[in-house]
Amino acid sequence: MRFAKFARCALVAMLGLVLIGMTLGAASAEEPYKAQIDALRKGMEKYKDYKVAVRDLYLSTVGCVHYAGEKIAGYMEYPKGAMGVHFVNLTIRGAPDPMKPNVLIYEPVGKKLELVAVEWLVPLTAETKERPSLFGQPFMGPMEGHEPLIPKEYVHYDLHAWLFKSNPLGVFAPTNPKVKCEGYDFSLLEKPTKMMHGP
Ligand SMILES: [Cu+2]
């Protein structure tokens, strides 16, 4: 009798440990990079004012990009949700710099633009030897350019990081179901982009 009780207690304790382990496991994807991600967020904070971003040559591509969540064979998969308005800096080139993303993403909220994410956009070139990765995250792609705002010929890899708005799909997911383009004049529903081949 007493042993049965002990066994039950031990089982409950073990289950508890397993649950704690699972929770820690889920959080650990970005854990080793936490300090680096915090430093990046701090460095990007000044861009909460979009005018500061424009002065630093992050220029608006106007459309608030969102996806319906459709799945097509041979095309990239974007879960239903939005990205927002991309501000692209074409003067940042070369290998992706974890502290200097070349894209900032804003969500239109009322008459304001709120900084929600950053993105690294890396073209596929003859010199590309391997898939880029940052913070232990392999980039998505290679894929065609996102029409109609980016020409199809711009074959690239990309990685998003939701630094300023939580994303239930994860910090590095391409779309965020909590970001909305509705009510914004330049809302733009994009089709999934064609997958290409590369390292
Ligand atoms: Cu994007």
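Biologist: Let me start with one residue. Where is Gly-69 found?

Modeller: Gly-69 sits in the loop between E1 and E2. Keep in mind that this is a predicted model.

Biologist: Which residues is Gly-69 in contact with, leaving aside neighbours within four places in sequence?

Modeller: Tyr-78, Pro-79 and Lys-80. Now look along the chain. Gly-69 and Glu-190 lie 121 residues apart in sequence, yet their C-alpha atoms are 10.0 Å apart in space.

Biologist: And the protein chain as a whole? What pattern does it follow along the sequence?

Modeller: The pattern is α-α-α-β-β-β-β-β-β-β-β-β. That is three helices and nine strands. Of contacts between residues at least 6 apart in sequence, 58% join residues at least 24 apart. Buried residues make up 29% of the 199 residues.

Biologist: How should I read the core?

Modeller: The general idea comes first. In soluble globular proteins, nonpolar side chains tend to be buried together. Here, the largest nonpolar core has 37 residues. Leu-104, Ile-105, Tyr-106 and Val-118 have the most contacts inside this core. Elements giving two or more residues to the core include helix H2 (34-44), strand E3 (103-109) and strand E4 (112-123). E4 gives the most, with eight residues.

Biologist: Let us take E3. How many of its residues are buried?

Modeller: Six of the seven, so to speak a mostly covered strand. E3 pairs with E2 in the antiparallel sense, over four bridges. In that pairing, Phe-87 stands opposite Leu-104 in E3. E3 also runs antiparallel to E4, joined by seven bridges. There, Ile-105 stands opposite Ala-117 in E4.

Biologist: What do E3 and E4 form?

Modeller: A hairpin, with two residues between the strands. Check the turn: Gly-110 has a positive phi of about 60 degrees.

Biologist: Which residues is Ile-105 in contact with, beyond four places in sequence?

Modeller: Met-83, Gly-84, Val-85, His-86, Val-116, Ala-117, Val-118 and Glu-119.

Biologist: Last topic: confidence. Where does pLDDT stay under 50?

Modeller: Over residues 22-26, where the model has zero contacts beyond four places in sequence. Where pLDDT is low, the predicted coordinates should not be read in detail. For the protein chain, the mean pLDDT is 90, and 85% of residues reach 70 or more.

How values were computed. Residues numbered from 1 in each chain as written. Predicted model: local features only at pLDDT ≥ 70, side-chain atom pairs only at ≥ 80, totals over all residues. Buried ≥ 20, exposed ≤ 12 C-beta atoms within 10 Å, placed from the backbone. Contact = placed C-beta atoms within 7 Å. Core = buried A, V, L, I, M, F, W, Y, C linked by C-beta atoms within 7 Å. pLDDT = per-residue confidence, 0-100. Pairing = 2+ DSSP bridges.
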